[in-house]
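Colleague: Could you walk me through this one slowly? I am still learning how to read these pictures.

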Protein chains: 2
Amino acid sequence: MIGNINHIAIVVPDLAEAAARYKNTMGADVSEAVDLPDHGVTTVFVNLPNSKVELLHPYGDSSPIAGFLAKNPSGGMHHICYEVDDILAARDKLVEDGARILGDGDPKIGAHGKPVLFLHPKDFFGTLVEIEQV
Amino acid sequence: MIGNINHIAIVVPDLAEAAARYKNTMGADVSEAVDLPDHGVTTVFVNLPNSKVELLHPYGDSSPIAGFLAKNPSGGMHHICYEVDDILAARDKLVEDGARILGDGDPKIGAHGKPVLFLHPKDFFGTLVEIEQV
């Protein structure tokens, strides 16, 4: 069912500092900061040859990652995103196997403009998992 | 400097259960559990097309991940590993830019039989970073 690791999301307290670290020290291809108001995050994409890291910072007053940053003021790894071909088939298999889908269970359009679901960390050993239809 | 994401390491409280979840629900190619006594971990490799996830569980009495599991009893994402071509050049650049290397600063042979270094999470926004020479 799952294919590539689409991205690893890392929440950071200072996006400019984190982007500079990945660009200058790590020598990575780093995007400009992109505001995603619908998702309550500002993102910098670290484009690596086989996958990418997304550096996230809260955007706006009701960011879904504000709580994470309050709990982890230094930042930290937030979620891992796996690609799937068919998100509804993936959802049905997950539910059948007892994994909980966050929210109302229907795919939403994610930060890349594609359907996504988030899965309950308790069903994935403490890791927040996103699946994205590609 | 950095190339591919070599792996994402996820510490889990029950390796058999986590392996089964990734194999049966997620449909991933999952290895047998491999004990790595020198590294104090037992690992299951989740082989995805572009990278891999390593599910880790403490092995032995002085596992370097025992503390993480005690602090995060449900498990969680532990580190991200980036590939580099030349680990000594990478180390020198990191040190020059003020990033701290864990341990004595010399590369050790990692779980894949290749030279690795771990970098201080405080210099990477709360994320433990491993670099591996490939």
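Colleague: What volume does the second largest pocket have?

Modeller: Please keep in mind that this is a predicted model, and in it the second largest pocket has a volume of about 510 Å³.

Colleague: And how many residues line the second largest pocket, and which lie nearest its centre?

Modeller: The lining of that pocket is made of 28 residues, and those nearest its centre are His39(A), Pro64(A), Val116(A), Phe118(A) and Glu130(A). Among the elements of chain A that give two or more residues to this lining are strand S4 (41-47), strand S8 (115-119) and strand S9 (128-133).

Colleague: How do the residues of that lining divide into nonpolar, polar and charged?

Modeller: The lining of the second largest pocket has twelve nonpolar residues, nine polar ones and seven charged ones.

Colleague: Changing topic, how much area is buried between chain A and chain B?

Modeller: About 3700 Å² is buried between the two chains, and carbon and sulfur atoms give 65% of that area. On the side of chain A, the residues that lose the most area to chain B are Met26(A), Met77(A) and Phe125(A), which together account for 22% of what that side buries.

Colleague: How many salt bridges and polar contacts are there across it?

Modeller: The count of salt bridges between chain A and chain B is zero, whereas 21 residue pairs are found in polar contact across that interface, with both residues at pLDDT 80 or more. The side of chain A that touches chain B has 24 nonpolar, 15 polar and six charged residues.

Technical notes: Residues are numbered from 1 along each chain as its sequence is written. Chains are lettered from A and ligands numbered from 1 in the order in which they are written. This is a predicted model: local features need pLDDT of at least 70, side-chain atom pairs count only at pLDDT 80 or more; totals for chains, interfaces and linings use all residues. Side-chain values use heavy atoms; hydrogens and water are left out. Buried area is the accessible area (1.4 Å probe) that two parts lose on being put together, summed over both. A salt bridge is a side-chain nitrogen of Lys or Arg within 4 Å of a carboxyl oxygen of Asp or Glu. A polar contact is a pair of N or O atoms within 3.5 Å; within protein, one must be able to donate a hydrogen and the other to accept it, and residues adjacent in sequence count only if both atoms are side-chain atoms. Ala, Val, Leu, Ile, Met, Phe, Trp, Tyr, Cys and Pro count as nonpolar, Asp, Glu, Lys and Arg as charged, and the others, Gly among them, as polar. On a 1 Å grid over the protein atoms alone, a cavity is a set of points where a 1.4 Å probe fits but cannot get out, and a pocket is an open set with protein on both sides within 12 Å along at least five of seven lines; lining residues have an atom within 4 Å of a point. Grid points are joined across faces, edges and corners, and a volume is the space filled by probe spheres set on the points. Helices (H or I, at least four residues) and strands (E, at least two) are DSSP runs, numbered from the N terminus.
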